[in-house]
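This briefing goes through one protein structure by topic. Keep the sequence and the 3D view at hand while reading.

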Amino acid sequence: AIQAAEAGLHVIVEKPLARTLAEARELATAVRQAGVTGTVCFPQRFERHVEHARRLVSQGALGEVTGALAVYFADKAASYWVGGYSGRSVSGWRGSRELSGGGVLMMNFPHLIDVIRAVARIEVLEVSALTASSEELEVEDTVSVSVRYDNGAVGSFVGSSAARGTTDEQLQLWGTDGHLVLSPEPRLFSLRSRPEATASRWHSLAAEEAADPRAVFVSRFATALARGVEPDVTLEDGLAVQAVVEAAYRADATGRSVKVAELVGVRVDA
C-alpha cells in the first residue's frame, strides 16, 4: 500500500489496515505525504439496513446509547489455516502471529467494530480482553472483549473461529429509548413513534439489497475521488478500529484494561 501511494496511486486497503497500529499509522502517514487518498474496506456500512439504522439512531430512536453486543462464531476447518476458504493459495500466514497480526479478533471483528462506530457515533475509550486458542496456532481462535465508550456506554465482543457446527453473527445496540438488532434479523424497538412505525413494538428493518455492498463502497470511493472530496470511509476510521484491536491484545497480554488514548499518539497528518 505504501509503495502504491508513493507511485501516486489512490489506495484501497482490505481490513485491517496492517498487523499493528504502528504499521497502520505508518501507512496513513505515507498516503497523506504522497498526496493521494486512501480508504479501508468497510463495506458493511453500505448495507441498506445499516444505513437505515444509522439514520434512525441519529434521529433519536434509541435515545442515549447505553450498550452494544457483537458476536461472531464460525467453524473454520483445519484447511482454512493453510489455504483460506477457497484453498486457491496455499500458505500458513493466517496461523502466524508475525505474518497475520492476530486471529479471530484481527480477522473478523473489525467490520463489527466499525459498524457500531458508524451507526451509534461512539468511540471506544477503554478495553479489557481475554483470548485463547484451542488449536496449535500462534493466533487466537476465541476472544472475549469488554469495552467502555466515550458516552459511557459499555459493550461486549465475543467470538470464536472454532465453534464447531456453528455459524452465527449478532450485532445489537440499545439505549434509554430503544433496542436495535442489526444482525441476524434487522429490527428496531423504540419508545418513540415514527410516521411508519408504532412506538413500543418491534419493527423489521429488512430491505432488499440493491447492490453488493462492496460494489457500493468502491463506487462511492471513486465518486469521492472524482469530486475531490473526502471518502465515506477514511484511513482515520481504519486507525480507530485498529487501535481498539491493539488495545484488546495488550489488555490480554498485560491482564489489565487499556485506554485507547494510550495507544493513539500523534495525529497521522501531524
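A charge is taken to sit over a ring if NZ of Lys or CZ of Arg is within 6 Å of the ring centre and within 35 degrees of the ring normal. By that rule, the charged end of R97 sits over the ring of Y249, 5.2 Å from its centre. The model is predicted, and the values below are computed from it.

**Overall build**
- The protein has nine helices and eleven strands.
- Along the principal axes, the C-alpha atoms fill a box of roughly 50 × 50 × 40 Å.
- Of the 270 residues, 47% are buried.
- Taking contacts between residues at least 6 apart in sequence, 70% join residues at least 24 apart.

**The nine-stranded sheet**
- An open sheet is formed by nine strands, in the order β10-β9-β8-β7-β3-β6-β5-β4-β11, with mixed pairing.
- β10 and β11 (258–259) are the edge strands; each has a single partner strand, so one side of each is left without a neighbour in the sheet.
- Within this order, strand β4 (residues 124–132) pairs with strand β5 (residues 142–149) in the antiparallel sense, over eight bridges.
- T131 has V143 in β5 as its bridge partner.

**The β1-β2 pair**
- Strand β1 (residues 11–14) and strand β2 (residues 38–41) run parallel and are joined by four bridges.
- The bridge partner of E14 is C41 in β2.
- From β1 the chain passes through helix α2 (residues 21–34) to β2, a β-α-β crossover that is right-handed.
- In a regular strand, side chains alternate between the two faces of the sheet.
- In β1, V11 and V13 are on the covered face, while I12 and E14 are on the uncovered one.

**Aromatic pairs**
- The structure contains six aromatic pairs.
- The ring centres of Y80 and W81 are 5.0 Å apart and the planes stand at 90°, so this pair is edge-to-face.
- Both Y80 and W81 are buried.
- F189 and W202 have ring centres 5.7 Å apart and planes at 50°, so their pair is tilted.
- F189 belongs to strand β9 (residues 187–190) and W202 to strand β10 (residues 202–204), so the pair ties together parts that are 13 residues apart in sequence.
- F189 counts as partly exposed, at 23% relative accessibility, and W202 is partly exposed as well, with a relative accessible area of 40%.
- Y72, F109 and F157 are linked into a cluster by ring pairs.

**A second charge over a ring**

- Where is P43 found? P43 is in the loop between β2 and α3 (48–58).
- Is P43 buried or exposed? At 5% relative accessibility, P43 counts as buried.
- Beyond its neighbours within four places in sequence, P43 is in contact with H111, P213, R214 and F217.
- One of these contacts, H111, is 68 residues from P43 in sequence, yet the two are 8.2 Å apart in space, C-alpha to C-alpha.

Definitions and conventions:
Residues numbered from 1 in each chain as written. Predicted model: local features only at pLDDT ≥ 70, side-chain atom pairs only at ≥ 80, totals over all residues. Heavy atoms only, no water. Phe/Tyr/Trp six-rings, centres within 6.5 Å; stacked < 30°, edge-to-face > 60°. Buried < 20%, exposed > 50% of the residue type's maximum accessible area, 1.4 Å probe, protein only. Helix = DSSP H or I, 4+ residues; strand = E, 2+ residues; numbered from the N terminus. Pairing = 2+ DSSP bridges. Right-handed = clockwise from strand over helix to strand, strands pointing away. Contact = heavy atoms within 4.5 Å.
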